[in-house]
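The following paragraphs are meant to be read with the chains on screen.

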Amino acid sequence: MESLLYSILGVLVSLILAFTVGMTYMGLSRKITARIQNRIGPPFYQNFIDAMKLYSKSTGIHHGVMHHLGPAFIMVTSVMSLMIIPILNDSAFFTNMNFHGDLIFLLYIMTFGPLGMALGAGQTGNPNSAIGVTRGLSQMVGFEIPWVMAIIALMIRYDTSSIVDIMNIQADAGRWIMFSSPFTFIAALLAMLGMFRYSPFDIVGAPTELASGPMSENGGKYLFTMMSSSSIFAFAKLTLYVNLFMGGADNLLVLIIKTFALYMVPLLYGTVSPRYRTEQAVRYFWGWPSFFGLLAILYAVFF
Amino acid sequence: MKENKVKLAKYLKEHFPAIIEKDYNYNRIDFSINRELVPSVLRLLKEESGYIHLSHISCVDWLEEEEFELVFIIWSPVDKIKILIHTRIDRNNPVMDNIDKIWRQANTYEREIKEMYGIEFTGLEAADEFLLEDWNGMPPMRRDFDTAAYASNKYYNRPGREDAMDVREEIARHSGEEIPDFAKKYSR
Amino acid sequence: MINDKNSQKIVDHIHNFARKHSLWVLAYGTGCGAIEIPPTMTSRYDAERLGVRGAATPRQADLLLITGYLTTKTLKRVIRVYEQMQDPKYVIGFGSCTINGGMYYDSYNTINALDRYLPVDVYINGCMPRPEAVIAGFTKLQELITAGKADGAAKYKEKLEWYRKNQKNVIPNWTMPEYNW
Amino acid sequence: MNSIVIIFLIFLAGAVLTYIGQRLSNILGSSLFLLTIFAATAQFYLRVNTGDIFSFSLNGLEMEWGITPISWLFSLIVLGLGSMAAVYSISAMKAKERLGYFYFNFIMGIFSMMGILLSRDLVSFFIFWEIMTWSSYMIVIYEGRSVQKVGIKYFLFSAIGAYAMLMAIVIIYSQVHSVLIEDLVYSFSSFTLAYKIWLPILLLTGFGVKAGMMPLHVWAPGAYSHSPMAYSSLFSGALSKMGVYGMVLVFSMLITQIPEHLLIREVIAWLGALTAAIGTLWAIAQDDAKKLLAYSSVAQLGYIITGVAVGTELAMLAAIFLAVLHALFKGTLFMVVGAIEKQTGTTNLTEVTGLIRKMPWTFIAALMSIIALAGIPPLGGFVGKWMLYEALIASDHYILVVLIFFASTAGFLYCYKFLFGFFLGQEEKEWAHVKEAPATMVVPMLIFSVLLFVLGTFPGLLLKPIDIGMQELGYAASEGHYWTMSVLFNEYGNAIMLQPILYAIIAIFLFFLVFLTAKAFKGTRYVSTKDISSSGEVPGEFENLSFKENFFQPFLRAVEPVMKRQIDWYYTLVGNGMEALFNFVRRVYTGNGQTYAIYAIVFLVILLLLKSNLFG
Amino acid sequence: MVGSPVLFVAIPLLTAFLIPLFAYIWKELVRIIPGIVILYLLVLSVSLYGQVLREGTIVEQIAGWAPPWGINLVFSPFTGLLSTLMLFMAFIIWMYSYRFKNIDFEPSKKYFILLLMLVTGSIGIVLTGDIFNQFVFIEIMSISGYGLTAFYVGRDSAEASFKYLIMGSISSMFLLLAIILIYSQLGTLNMADIASKAHLMKPEFKILALIFFILGLGIEAEIFPLNGWAPDVYSQAPGPIGAAFSGIVVKAGIYALIRVIYTLFDVEGSLQFLVIIGMITLIIAEMAAIRQDKIKRMLAYSSIGQMGLVLVAFGIGTHEGVFAALFLMVSHALIKPLLFLSGSYLVFNSTEKSIKELNGLGKFMPLTSFLFALGAIAIVGLPPLSGFWAKWSVLTAAANSGMLLVIGLVLAISIVEIVYYFRVVNRIYFFKKEESVVPKIPTINAKFAMVILAVIIVAIGFYPDLITSYLHEASETLLDKGNYIQNILSVAQQVTQ
């Protein structure tokens, strides 16, 4: 009973943590982008203000049940992913509701959100939304390939499908998987570029082309929910990567440093890249990233 | 260039004795002809002489002469010669032959001219509205359309513009050019 | 406790603070003013430091920016866009064309005073206003929001009939859906 | 009389009576139709126990009908889906012509499938197999002239498969001198190596055709999409499972007895995975919902084939689990398409839009089955796919996992296309009149949706009978090791509790739903889909803003090299070559008497010349 | 003893010559009398067959001459089965062609005379135990066949008949040559006697005789490449005659060939030769069939192909093989006439007789179309119809002898068969009817005849044991050559004693 209470508490705390950290990262990303573009840029807490404003806006309309459910779908995905991913190494309540979480389960629960959002976006009837959704799904098919290859390589190498086990193995060996299985890490990292949907893979939102795509009919609370869920999801993904490849974290500070370092990769890559077309993006992921994924699997099988 | 223009003029003269030619510098040559023959001239030029590109159709309102002048500008990428075909039509009964069977893009120009000048193109198939929405007065580009009066009548005019000078008079004074009669009524 | 007047005041204060520092702009790029927006947003003048940011669709936007003359044909669309925006919402008129018609005062198809048709919170003078002026306009709007005076949307709802009469005056074929939120 | 025989008699008599009854009156025909199927179903579940045997001899062959746990399991699919599809087809086929013909073949279809499952010998298996083929062929060509090419194609491939199977059976008979399956299994180990290889291959060709395995699948899209939807659900859901059933038998009984290094398992598993991938890609390219579902069926059967072919305990468990689920969700989806076709008159995804508010129950059924199809937790499809991945990884088929994962992810694309095309998007004036389908059509779909949900939450309900069936096939008991009521253990001993996950999902979902609605509930109103941000333009009443054409164009452009040519093209090439050959051969018969006389003389000369070679 | 085998030859011949006389009494008798005669013979044959099964082979001598010298008729389980089958088919055909096309008095007289003679010839071939006598019967059969082919007045049928005549005369010539060879060597014409003395022949002569026999009988048995006449004849003769050819005449030809190969000589390699030539016949015929656009020609090629398959089955040489061949013969003799009979009503009023004209007749002639479809399904060997069991027997027989290639080829060819039959069936049911075609509803007797055939096909399909025991008995008899010789020659001994 006590452990259940702890874990529920842990989930709540890590939710708040994820929201805060995720929002800050988003704000920082705007600041960093601005600095790179020789601007002052908004303050790092700008995203909190935006979220607050969106929450305070009236949400007068919906286009039907699925439109209403769409943001909830995404939120469920983010929270579920966060619940499964352990936040810290060997922590009493920061393991969350982790049930020796299965990586495959994670793969699938992560697709629940996009599909839900796609349904929501679909019912708005805005053609831009539908176009954005088709792009997003196509891109997902693209980056899931190297990503799943990396995960399979991990599972082969370490004979487990549990995140906690992988973290423990790294702790025991004293070596991050990032270094012991470099190909796996490269494949996963390249897949991450697509996951975060920064440039050059920002074909889903593409404000100037698609009027922000799937989100184009969502304002107010809908947008707030989407925004916060994407922050939480970003944090969850970063934590997952840290857990899998960078040996997890012993305390929150280390976690934040590691995740931020990882977060810089898609962000900095994005600031200097123009946008891909959809088929280019898809083919990109089936090129070098998948090749590295294949190398990772071969490496895992033979060594 | 020069020989080509001469040859062209001769060629057109052979087929259309009524055509009037006026040569300009460099690559421009103008022809005038009555409106019934315009489609034939255009078709001949397009299909026989290689003038495959219709650059524009333009319209001039000769209010005093009670006529509209239509100018068809066509161009040949081979000869690099620009031909302007002028034709005049009656301002009180503005009807012209539709040429969008010769050039598909003529349709757009014709719709614009129809809306802005009220010239009917026989057999023009197009949606009812092009640039103007819900317009049912005099075509606005005709010179006898008084746009200032229309605007002040239709739109709310914020007070405070009264001290505005008439720029036109100032210019006339400087350059010594006379303001034509028909423009005088716009002067304040 | 929540419905308490004082606590409502605090909540309003926080909300206004958030709204003030997060203005999402829907730039309706009519006329020559549209070209002034890019310098305003990019590195030279960087309006984003004020929390001003472009929004892609009316549903997400707070601020409608009319950047120049409006033909009657465009006015129809602008009204539609304005009505699709979610409360609270603000309008900034941009350049002398929106104020009194500017150089198009005698055109047969441009309106001369925007505030007859939409509730304008702030006008920015000039033909065209420079980015500094634009930023000054944003700052002015922020002040108004803080003071709680940027209530154009409320005015629009209040005087809807008057606005409608004016709109219908210049748009003869009124086929638009009714404004209903 | 033996109860198995009684079931068959019910079916046969029912089929004939229904045909006659339909001639007399519509109601009589329909009620006889339902009565037959339900009577047989009731008879089967109430009176027949596993282990019942009925032996007889025909044409000097010992034959046997009986029921094993594994066939009992597949009979769930056949009779469950069959009876639901029957209920559905009453309304779906209303006001169509030649109903007697349809009902007759429908009953014959179920009859033959039950026959296949109940056969314990190869000859009656083959006979029922062929009855199944022609009865389904009859329904495929129900629509008339436009589908006769499709019908010929279907029958041709079925015949190729069936004759491959017949050849195997004949060889088996000559070797074993018995057609009983158990005798075959018993003596298979004493066959020569060549027979050990070729017999399974021949049998698998036969089953592979019905299961739509890769180079043999070309009939499937046409046949699935052109039969009446009431039958398509049975066709894709149950009939194709007969191929899977046969494959399960072959892989668990025969292929276990041949050396591993022959790679038959690998080849078939790869074919299955390729089927899944290519089928998915083609499904994405379709604009017609029927075609889309047909290709999707091919793809889904690809997973199942892979699972069966890999053949470890977990893989087999996953494959059979997926087979049952595929029957449920694909059956539902075909029913959904049928309902939409009935209500709107078309199944073109680019035409129909925005039915969600007009056909909400149909939408719910479609949504549930799509979620199950895509394998998203918490519905049943996830459990099956999860087990399949675990099994493939545990048995060292890494590239296969990637391929199947690709197919499954790309599957989202057509899933979304299906839902978006029919139910979401702009609500056009054209479809304003559409009403919800009649209750008899909706209820079967909803029953299946609920079943999908239940099986996703409590997979143990289904895994238990599968486990019993697999023990019959010689697998070790997996109970307690792989599953309990709702907890799944994987190969590494890690567990996934499905119920808590499900509850968590529902809880979070409700929380955010309340969060979104509670405060501004009064303020939030429905506005029509014409009221969207379209740059201020007001869409006209008949102005179509739907995004439908070239839906996944960019993606298809990315995969263009793979899809340049359909396999059909190669078959057409072969077919044309054959036609040319036939045409050439035909010229032997010139129609000229003198030539024939010369032939006779030439024949004589040849015989005389070769007489020492020919005759001793 | 219910009757003598002699009656099978004597009665129909007599009737055939008497028919013109009956016609003077009452014109309808021309049509009725043949039926009564055939029916009587059928009953006789069935009862004789029963007796034979109980008591053993009946050998009947004609005119009291003992077998090696005189002519004798053998009614064994094998020949009895065939003669019963033929008479049954003859009866069906009579029933069907009673008032077929309202044949006028004069033509109908000819028609039934020729039909009776055709039946006589065929049964004679099967029953006779004398090789020269068999030649005579072949001539009777052929000549009536020429006549029936040219029954319709017209260029095409005359041409077909002429082709048949050419081939027939080649056949007779080589048969005679073979007979002369044998007689010159052995001095006997009795089959049993030849069989018992065959080893005395010089091998070269034996093989030469065999080759002549194969050539001569091959023409009647329609083996490739001697079957060029068949499609023309089948398609130009009246519909029921096509049925008679495929159901009766070919069977007689096959019987003669088989008798020569199985009983007369025991030449090594002849069975393999049968398999090879049968396969070639099967493949070429089916390939040709798929490209036909006239329905009867298609059926004819299909029939040739089936005969090839029968030869293959005989060529297997085992008991199972012979059993399979007989099963196939019976099954084919039931199905192909059904196809011919229903098919000829389907194209009854059309001018071209092409497959195109069958379009959409399913709606207008439901029963006929259904029966045609049933026949098509049966002949391609789909269960649960009799064709399947026949094919099954052939395949198992081949498998038991290890002929895997044969199995593969037969099955591959079956797919070709499916294609062309289903094309036709699809046309019947799913195409739009041609405007020019006027459907013709079959007469009641024709319907009855076809339904009887269909019922038997379905019955055998569901319960093949109906006929298998008879077939086993028959194949036993064919294979037991010693017994055959002994049976006949013992009669001779009885006589001499």
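Two strands are taken to pair if DSSP finds at least two bridges between them. The model is a predicted one. In chain C, five strands form an open sheet in the order E2-E1-E3-E4-E5, and their pairing is parallel. Strand E2 (52-54) and strand E5 (122-124) of chain C are the edge strands; each has a single partner strand, so one side of each has no neighbour in the sheet. Ignoring direction, neighbouring strands of this sheet are turned by 30 degrees against each other on average.

The bridges can be followed from one strand to the next. Strand E1 (residues 23-28) of chain C pairs with E2(C) in the parallel sense over three bridges, and Val25(C) has Gly54(C) in E2(C) as its bridge partner. Helix H5 (residues 131-147) of chain C packs on the sheet and touches E1, E2, strand E4 (90-94) and E5 of chain C. The direction of H5(C) makes about 170 degrees with that of E5(C).

E1(C) is also joined to E3(C), by four bridges, and these two strands run parallel. Here Leu26(C) has Leu64(C) in E3(C) as its bridge partner. E3(C) in turn pairs with E4(C) in the parallel sense over four bridges, with Ile66(C) opposite Gly93(C) in E4(C). Which way do the side chains of strand E3 (residues 63-66) of chain C point? Leu63(C) and Leu65(C) point one way, Leu64(C) and Ile66(C) point the other way, and all are buried.

The next topic is how the chains meet. Five pairs of chains touch, and the most contacts among them are between chains A and D. The contact takes 66 residues from chain A and 58 residues from chain D. On the side of chain D that touches chain A, the elements giving two or more residues are helix H15 (380-394), helix H16 (398-422), strand E4 (495-497), helix H19 (498-517), strand E5 (525-526) and helix H20 (553-558) of chain D. H16(D) gives the most to this side, with twelve residues. By class, the side of chain D that touches chain A has 42 nonpolar, twelve polar and four charged residues.

Strand pairing also links chains A and D. Strand E1 (residues 61-62) of chain A pairs with E5(D) in the parallel sense over two bridges. Within this pairing, Ile61(A) stands opposite Arg525(D) in E5(D).

In its contact with chain C, 14 residues of chain B meet 15 residues of chain C. The side of chain B that touches chain C has six nonpolar, three polar and five charged residues. Chain B and chain D do not touch, and their nearest C-alpha atoms are 13 Å apart. Chain B does not touch chain E either, and there the nearest C-alpha atoms are 42 Å apart.

Within chain A, one residue can be looked at by itself. Asn168(A) lies in helix H6 (residues 163-173) of chain A. Is Asn168(A) buried or partly exposed? Asn168(A) has 16 C-beta neighbours inside 10 Å and therefore counts as partly exposed. Its C-alpha atom is separated by 7.9 Å from that of Asn89(A), which is 79 residues away along the chain.

In chain D, helix H10 (residues 229-254) packs against helix H12 (residues 289-310) at an angle of about 20 degrees, with the axes 10 Å apart. This angle makes H10(D) roughly parallel to H12(D). The crossing of H10(D) with H12(D) is right-handed. On H10(D) the residues in contact are Ser236(D), Ser240(D), Val244(D), Met247(D), Val248(D) and Phe251(D). They meet Ser297(D), Leu301(D), Ile304(D), Ile305(D), Val308(D) and Ala309(D) in H12(D). By class, this contact has nine nonpolar, three polar and no charged residues.

In chain E, helix H11 (residues 270-290) and helix H12 (residues 295-316) pack at an angle of about 160 degrees, and their axes are 7 Å apart. H11(E) and H12(E) are therefore roughly antiparallel to each other. Their crossing is left-handed. The contact of H11(E) with H12(E) has 17 nonpolar, seven polar and one charged residues.

Technical notes. Residues numbered from 1 in each chain as written. Chains lettered and ligands numbered in written order. Predicted model: local features only at pLDDT ≥ 70, side-chain atom pairs only at ≥ 80, totals over all residues. Axes fitted to C-alpha atoms, helices over the stretch in contact; angles between N-to-C directions. Parallel < 35°, antiparallel > 145°, perpendicular 65-115°, else oblique. Left-handed = near helix turned anticlockwise from the far one by under 90°. Nonpolar A, V, L, I, M, F, W, Y, C, P; charged D, E, K, R; others polar. Contact = placed C-beta atoms within 7 Å. Buried ≥ 20, exposed ≤ 12 C-beta atoms within 10 Å, placed from the backbone.
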